[in-house]
Structure formats: C-alpha cells, structure tokens
Amino acid sequence: MASSPLSNPEAGLAGAAPVAASRPSLAGDSAITLRGVVKQYGAVRAVDGVDLDVRRGEVLGLIGHNGAGKSTLFKMMLGLLAPTAGEILVQGAPVSGRGFRAVRRGIGYLPENVVLYDNLSGLETLRFMARLKGVAQSECSAALARVGLGHAGQRAVRGYSKGMRQRLGFAQALLGKPQVLFLDEPTTGLDPEAIRAFHATLRELSDEGVTLVITSHILAELQDRVDRLAILTSGRITAQGSVQSLREGLALPLRLELRVAESGREAVRQALCALPLEGLSWQGLQATARCAREAKMAVLAALAGLRGAVLDLQLHEPSLEDVFFGLAH
Ligand SMILES: Nc1ncnc2c1ncn2[C@@H]1O[C@H](COP(=O)(O)OP(=O)(O)OP(=O)(O)O)[C@@H](O)[C@H]1O
C-alpha cells in the first residue's frame, strides 16, 4: 500500500506527517518525532522506515494487523528497545541519549498486559509505583479517583475484576502527570460504560496538553475518539490522517438505508433503479444500497421528492473498519 495516495501528506488533512522524500528537520511542535525508524529482528523487518510526527496534545490512534509492528514501535518510542536505524525524539530528546532519563519520567505507559501484585491493595500498588517513579505519594489517591477506583483503593488486587486491573494499570501510567502517554490496547476487559469513561479521561488529558498514542484492534471504538490515525502495514505507515480524510481519500461509498411505505414500494423501487447506486437489495420494506460520495446530493434530492413513500432514510459514512480494510491490505 506504499503507493496509496494517502501515504502522501498532501492528500491528508493538516497535520498529516511528511513522507520520507521531504523529511523536515527534527523538532518543531512535535511531542514525538520519528525519522526513518527501522527495527530488524534477524530476518524479520518488524519496523521498516517509519516517519511520524505527533503534535503536543494530539490523540493518535496507531492501528494495524497482528504482527504489523505496533508493539515494536511502542517499545522503541519508550526507549525500551533500540532501533536498528533511524531517529526518535520524545519531547525533543533522543530516546537513546542521557537526557532521555529525565524525559522518561514525563512519559506514561500502559502495556497490553498489566502485571500487578495480587497481595497489594490498589492504593499500595500505586504507592509502590510512585516510589519507583520518584513521584509524590499524595498523587496516588487522585490517580485512583481519576480512573474510577476511588472506592476500591483499600481492596486487595486479587479481588479486582479484569476491568479494574486495567484501570489500575491506567492509574499507574498517570502517576507523575506524564506529558506523553502510550496506551497499548488500553480498553481490554473494560465494559462499554468504562470504555466511555476511559475515553472521556483521555479527552480531558488531551485538553490539558497531554499527547496520547493509543493502539486498539477495536476500530469502532477509536473512530470518533482520535484526532488522527496512522495505519501500520508490515512495519510501514501506509496511511495517516483524520478518519474523515482517510475515508474521503479512499473514495469509499456511503451506505444508504431506506424504509418505505407499502403503498410506495413500487415508486421507490423505480426511482432507486434510475439513481447512480450500487448493490441495491431489498428485505421486505427496507432497501439498502451503496452510494458514491459525489452522488449523495443528487440521490437525496431525488428521494426527497418521494416524501410519503419513503418513511425513513439514513446515509452512513464508511466505518473505520471499512477504511482499515481498504488501506491495510
Ligand atoms: N523479540 C522478537 N524477536 C523476533 N521477532 C520479533 C520479536 N518481537 C516481534 N517480532 C516480530 O516482529 C513483527 C512485529 O511484531 P509486533 O509485536 O511489533 O507486532 P504488533 O503489531 O504489536 O502485533 P499484535 O497486534 O499481534 O500485538 C512480527 O513479525 C513479530 O513476529
């Protein structure tokens, strides 16, 4: 997919990262900057020349198949793994240099699988982590409250549900009031209400200027919640931009759904056959079809003339899943 028009930053919305051919200088307003980053594991090129900029306060979704290289990229951005080639700056500091130690304290990380000590309570867990991080003990209760665990701080982690464990992991990541947060599959095990609360907290953090990079395989969850997406395919970023710019760049059709009155079925059927639609199908009094974005207004105008026969009409944007399948294969 390297030839996708979306891999060209000119094709995306403002803020899309530059391609390698026109690499800008390392710095500016980026909280995270990657240039030509490669990771080779023996014969496997897990990350293959990634250029990426994440602005301060931005929420970036990093998505890709199993094995696309997301975790490897995360580990390199965290300074846990050295790149084979390329440069990475976080908050303006190279992740490998001495200066990075101080910067590292301002980075929070929620790994995919949070490891916790079952015998400690939630609050003790955070106090322990706070000591390791050199963070004031007084932050612990506030961090617990922020993730909705204020009531469970005295309980042993042994009795925590999967979702509570995940939230405790998130509280750990928040210790030290990080300016950059890396969240790897952060909503695993959370119920829908907790997912909503989690994303509301992320939005608050972003409003406070915290930069967030989040991976998830649950694309529907990300599509309305990230500022920008980067799609990683076999170690390369094949597309990046806002969800809407990716949709428009791919020219995916919209999905039209109609509910019609019994008496108007024939009139609607004839009208639909004359319109530039694809994949028209009927189920009883419901019709669905694909509609090219550029035909949308003409289709709506034609259907508006059938008032009475058309009882309800919906036009759906392609989902992020549609976009992903259009770009990542
Ligand atoms: N330590 C390692 N040694 C050898 N190969 C590795 C190592 N870690 C990862 N890989 C390989 O690098 C590639 C990228 O793996 P990575 O874990 O970064 O992908 P991912 O996108 O995070 O996948 P998932 O969504 O399944 O977590 C895969 O082919 C994987 O097998």
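This is a predicted model: local features need pLDDT of at least 70, side-chain atom pairs count only at pLDDT 80 or more; totals for chains, interfaces and linings use all residues.
Helix α1 contributes the most to the shell around the ligand, namely three residues. Helices here are DSSP runs of H or I with at least four residues, strands are E runs of at least two, and both are numbered from the N terminus. Residues are numbered from 1 along each chain as its sequence is written.

The residues around the ligand are Tyr41, Val44, Ala46, Gly64, Asn66, Gly67, Ala68, Gly69, Lys70, Ser71 and Thr72; a residue is near a molecule if its C-beta atom, placed from the backbone, lies within 6 Å of it. Sorted by class, the shell holds four nonpolar, six polar and one charged residues. In this scheme Ala, Val, Leu, Ile, Met, Phe, Trp, Tyr, Cys and Pro are nonpolar, Asp, Glu, Lys and Arg are charged, and the others, Gly among them, are polar.

Let me turn to the whole chain. The protein chain has eleven helices and 14 strands, and its C-alpha trace spans about 75 × 50 × 35 Å along the principal axes. Of its 329 residues, 39% count as buried, that is, with 20 or more other C-beta atoms within 10 Å of their own; exposed means 12 or fewer, partly exposed lies in between, and C-beta atoms are placed from the backbone.

The domain assignment gives domain 1 (5-106 + 178-249) and domain 2 (252-327), with bounds from an automatic or database assignment. Their C-alpha centres lie 37 Å apart. Twelve residues from domain 1 and nine residues from domain 2 make the contact, where contact requires C-beta atoms, placed from the backbone, within 7 Å. On the domain 1 side, α7, β10 and α8 each give two or more residues. That side divides into nine nonpolar, two polar and one charged residues.

Next, helix α11. Which residues of helix α11 (residues 320-327) are buried? They are Leu320, Val323, Phe324, Gly326 and Leu327. Seen down the axis of α11, these buried residues fall within an arc of 165°, so they line one face of the helix; the arc is that of the directions from the helix axis to the C-beta atoms. Their cover includes β3 (59-64), α7 (219-222), β9 (228-233), β10 (236-241) and α8 (243-250).

Notes
Two residues are in contact if their C-beta atoms, placed from the backbone, lie within 7 Å.
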